[in-house]
Amino acid sequence: MPVVAALSEELQGGWKMQRCMERFPICFRTKGKEMWIFMALLSAFFAGITSILAKCGIHKTDSDVATALRTIVVLVFSWIMVFLTGAASGVRDVTPKQFLLLVLSGLATGASWICYFKALSIGNVNKVVPVDKSSTVLSVLIAIVLFQETRHLAFRLFCTALLAAGIFLMVEKRRQDEENTGGRWLVYAVLSAVFAALTSILAKVGMTGIDSNLGTAIRTGIVLVMAWVVVLMKGKQKSVSTVDKKELLFLFLSGVATGASWLCYYYAIQNGIVSVVVPIDKLSIVVTVMFSGIVLKEKIGKKALAGLLLMVAGTIGMALA
């Protein structure tokens, strides 16, 4: 076909993927607003299967070690995409301010992970998780204030309330069998949510004018450093050589899925509306629930199902606003 032949010729000539999307919208079926929404949905899908693949890879492998190994795959995947799309030349155009914001975004991601697992280690899961998931609501509110995303504000706030209610309902209550640890777990959980929200905001500002693939690759390098710092600080580096080969494969696939999710997510963040992209990305929980039922044979309760429906309703409303 003429269109396919022309597209192939331009790709071989080193044209960027984004240019191809603009030149041949009929091949991609989406452009403009539809494209960043589509990429946000792809991000949610890949993030959803990431959770399942990661779960299959940590039966015997330490979670910190698994995170560090997965991040290597994400970093490699990110830079491959940078070179395939011809974005590598943009490195010299990154300003010190943009680089600083990308570094801060990567540090925020790493800090969020550290605080989250610290909170889980000393607090009850059914208390920690809802607080951590509140980062979605926090991201939306910060975006409204900083980026003046105030169109249909009342409706957006209503959808945000649906998201908040859905998040809390999605967390099944469990029997509290841990000792009372005071308020320390709450401090770490709140910090985890704040850092997770800041990740999206800093990425939005830092990636303005930068190719989304390049921006993702730069900040992933920062996350990798933090992940291995955690492993070294906890003295777990010796367990790397003993990782089961089957679980290593699942971790590799999980890393690829994470890389794909991040690339799609930061494309959407760069070109779209943060208060819409973040909730759509959180729809990954729908994919996770679906695959957990198929692959892991896990069932979802009525309360969690109601929460899931509220999250979907809030997200769809946010996207249509």
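Tutor: Here is a walk through the cavity, its lining and the helix packing that goes with it. Keep in mind that this is a predicted model, where local features need pLDDT of at least 70, side-chain atom pairs count only at pLDDT 80 or more, and totals for chains, interfaces and linings use all residues. Residues are numbered from 1 along each chain as its sequence is written, and side-chain values use heavy atoms, with hydrogens and water left out.

Rolling a probe the size of a water molecule over the atoms shows where empty space is left. Here a cavity is a set of points, on a 1 Å grid over the protein atoms alone, where a 1.4 Å probe fits but cannot get out. Grid points are joined across faces, edges and corners, and a volume is the space filled by probe spheres set on the points. By this rule there is 1 cavity of 30 Å³ or more, and the largest cavity has a volume of about 30 Å³.

Who lines it? Lining residues have an atom within 4 Å of a point, and for the largest cavity they are Arg70, Thr71, Val74, Trp113, Val223, Thr258 and Trp262. Sorted by class, that lining has 4 nonpolar, 2 polar and 1 charged residues. (Nonpolar covers Ala, Val, Leu, Ile, Met, Phe, Trp, Tyr, Cys and Pro; charged covers Asp, Glu, Lys and Arg; the others, Gly among them, are polar.)

Helices are DSSP runs (H or I, at least four residues), numbered from the N terminus. Helix H5 (63–84) and helix H12 (245–271) each supply at least two residues of the lining, with the largest share, 3 residues, coming from H5.

Now see how those two helices meet. The axes of H5 and H12 come within 8 Å and cross at roughly 50°; axes are lines fitted to C-alpha atoms, for helices over the stretch in contact, and angles run from 0 to 180 degrees between N-to-C directions. That makes H5 oblique to H12, since angles under 35 degrees count as roughly parallel, over 145 as roughly antiparallel, 65 to 115 as roughly perpendicular and the rest as oblique. On the H5 side, the contact (heavy atoms within 4.5 Å) includes Arg70 and Val74, both of which also line the cavity. By class, the H5 and H12 contact has 13 nonpolar, 4 polar and 1 charged residues.

H12 has another partner as well: H12 and helix H13 (residues 274–281) pack at an angle of about 155°, with their axes 9 Å apart. H12 is therefore roughly antiparallel to H13. Ser261, Tyr265, Ala268 and Ile269 in H12 meet Val274, Val277, Val278 and Asp281 in H13, a contact with 6 nonpolar, 1 polar and 1 charged residues.

Note on methods: On a 1 Å grid over the protein atoms alone, a cavity is a set of points where a 1.4 Å probe fits but cannot get out, and a pocket is an open set with protein on both sides within 12 Å along at least five of seven lines; lining residues have an atom within 4 Å of a point.
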